[in-house]
Amino acid sequence: MAPSIRLSPATRSLFDEPLAIAVQGLGPRQQVTLRTSLRDETGELFQACARYQAGSDGELDLTRCPALPGGSFSGLEPMGLLWALQPQKPFWYMMKRDVQSPFLLQLEVFEGHGEPPGRLLAQRQHERAFLRDGVRRVPVREGRIRATLFLPPGEDPFPGIIDIHGLGGGLFEHRASLLANHGFATLALAYYQYEDLPQEPTELHLEYFEEAVNYMLQHPQVKGPGVGLLGYSKGADLSLAMAAFLKNITAVASLNGPVATTGVPLCYKDKTIPSLPIYEQYAKVMDSNILDCSETLIDPFQAPGNQSLIPVEKAEAQLLFIVGQDDHVVKSEYHATAVCKLLQAQGKENFQILSYPGTGHCIDPPFFPLYPIGNHPIFHKRAVLGGELRAYAKAQIHAWPQIQAFFNKYL
């Protein structure tokens, strides 16, 4: 029997779902190298490989066989070939612009543990999709709002979430589309550098985000009376400000966000929250002129007058802070811990913190590759984001169902 790759699900799975991988038809205790490859929409290649030895029956099941040293990872890691995918081009971030088409994953089995790998024994293709059958993608151009709404299958009203990305501009749909597969009506909201929105705003207006909340609450398929917010980085401080100043925000999940206004001042009615000072001269220059910006953002709790601090104590919403202990952009664990102490001192109990060691600034849904060095959104230079491969992969796999459980509980 010729070697063959057995996958479950066989031909197509959602990007955030596990994929069971096995190889059959090998010789007893045969040594092989497995390789996964995926090209993003720009054609950039991501790859991972691992060395294995088949069982005495010639079967290789990744849930039972540990990877041997010498590949992208070692040990019993059934999903290692997915979470260890790394770009062949340095510092490249895997982005999914068109969530209506899947990524194509290529799996190959090679003879032996050589470098380069030996003879090709088996290969298989598999689609990693972002939309479950029946999920609808609806472009939203209502009033000033520029967004995409993802609706789960069926006519019921669903818990509603607004997904707000970090600095960098544009519209990111990968997280919102995956959340819709899990039963949430999710609005991916752009707020600058997209279509007719401001290119480089000198200030942001909370009224724009209020309009998005009202749009969701008026939608017949969004179950009120409130909505949830999922904010990453800058999107997290915007989400906390929304919870502090706007009505009908029930739950906020902050992914590595500051608890002060950053990047650009935030205005609402007659009030302006200035942005927290950030000083490039406090950055450390690492090898290859990469910056470590850990110390560039002023401590909002020590800043004169605390003017940039968001009055989180005004928020009625439940708050979930998800922080990477190796975040080099925002001291997100410190921010979350300090603000929760303030809330506790006021007798509030509407908060929880999930803290992950070995995890940097970027926290995506499961199986997105580690992105430890990226472009700093304010200094426009390469900067350390932080994170270490295995710990980061485990954090994403753990945090994702926690986010869903949090929104299911409070929405």
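The residues that line the largest cavity divide into six nonpolar, one polar and two charged, where Ala, Val, Leu, Ile, Met, Phe, Trp, Tyr, Cys and Pro count as nonpolar, Asp, Glu, Lys and Arg as charged, and the others, Gly among them, as polar. The model is predicted: local features need pLDDT of at least 70, side-chain atom pairs count only at pLDDT 80 or more, and totals for chains, interfaces and linings use all residues. Residues are numbered from 1 along each chain as its sequence is written, and side-chain values use heavy atoms, with hydrogens and water left out.

The lining of the largest cavity consists of Arg 175, Leu 255, Ile 363, Asp 364, Pro 365, Gln 396, Ala 399, Trp 400 and Ile 403. Helix α6 (residues 389–410) gives the most to this lining, with four residues; helices (H or I, at least four residues) and strands (E, at least two) are DSSP runs, numbered from the N terminus. The volume of the largest cavity is about 50 Å³, and a search of the whole structure finds five cavities of 30 Å³ or more. On a 1 Å grid over the protein atoms alone, a cavity is a set of points where a 1.4 Å probe fits but cannot get out, whereas a pocket is an open set with protein on both sides within 12 Å along at least five of seven lines; lining residues have an atom within 4 Å of a point. Grid points are joined across faces, edges and corners, and a volume is the space filled by probe spheres set on the points.

The largest pocket has a volume of about 1200 Å³. Of the 44 residues that line this pocket, Leu 167, Gly 168, Gly 169, Asn 375 and Pro 377 are the closest to its centre. Its lining divides into 21 nonpolar, 16 polar and seven charged residues.

An unreviewed UniProt entry places the feature "active site" at Ser 233, Asp 327 and His 361; UniProt positions are given in the numbering used here, feature names are shortened, and annotations may be inferred rather than shown by experiment. These residues span 129 residues in sequence, yet no two of their C-alpha atoms are more than 10.6 Å apart, so they gather at one spot. Of these residues, Ser 233 and His 361 are included in the lining of the largest pocket.

Ser 233 lies in the loop between β15 (222–232) and α4 (234–245). With 12% relative accessibility, Ser 233 counts as buried, that is, under 20% relative accessible area, against over 50% for exposed and in between for partly exposed (1.4 Å probe, protein chains only). His 361, in the loop between β22 (351–356) and β23 (373–375), is buried at 4%. Neighbours within four places in sequence aside, the contacts of His 361 (heavy atoms within 4.5 Å) are Tyr 232, Ser 233, Asn 256, Asp 327, Val 329, Val 330 and Leu 385.

Arg 175, one of the residues lining the largest cavity, is also among the buried residues of α2. Eight of the eight residues of helix α2 (residues 174–181) are buried, so this helix is largely enclosed by the rest of the structure. Just after α2, Gly 183 takes a positive phi of about 95 degrees.

Glu 77, in the loop between β6 (60–61) and α1 (80–83), counts as buried at 9% relative accessibility. Its side chain makes a polar contact with the side chain of Arg 390 (2.4 Å); such a contact is a pair of N or O atoms within 3.5 Å, and within protein one must be able to donate a hydrogen and the other to accept it, while residues adjacent in sequence count only if both atoms are side-chain atoms.
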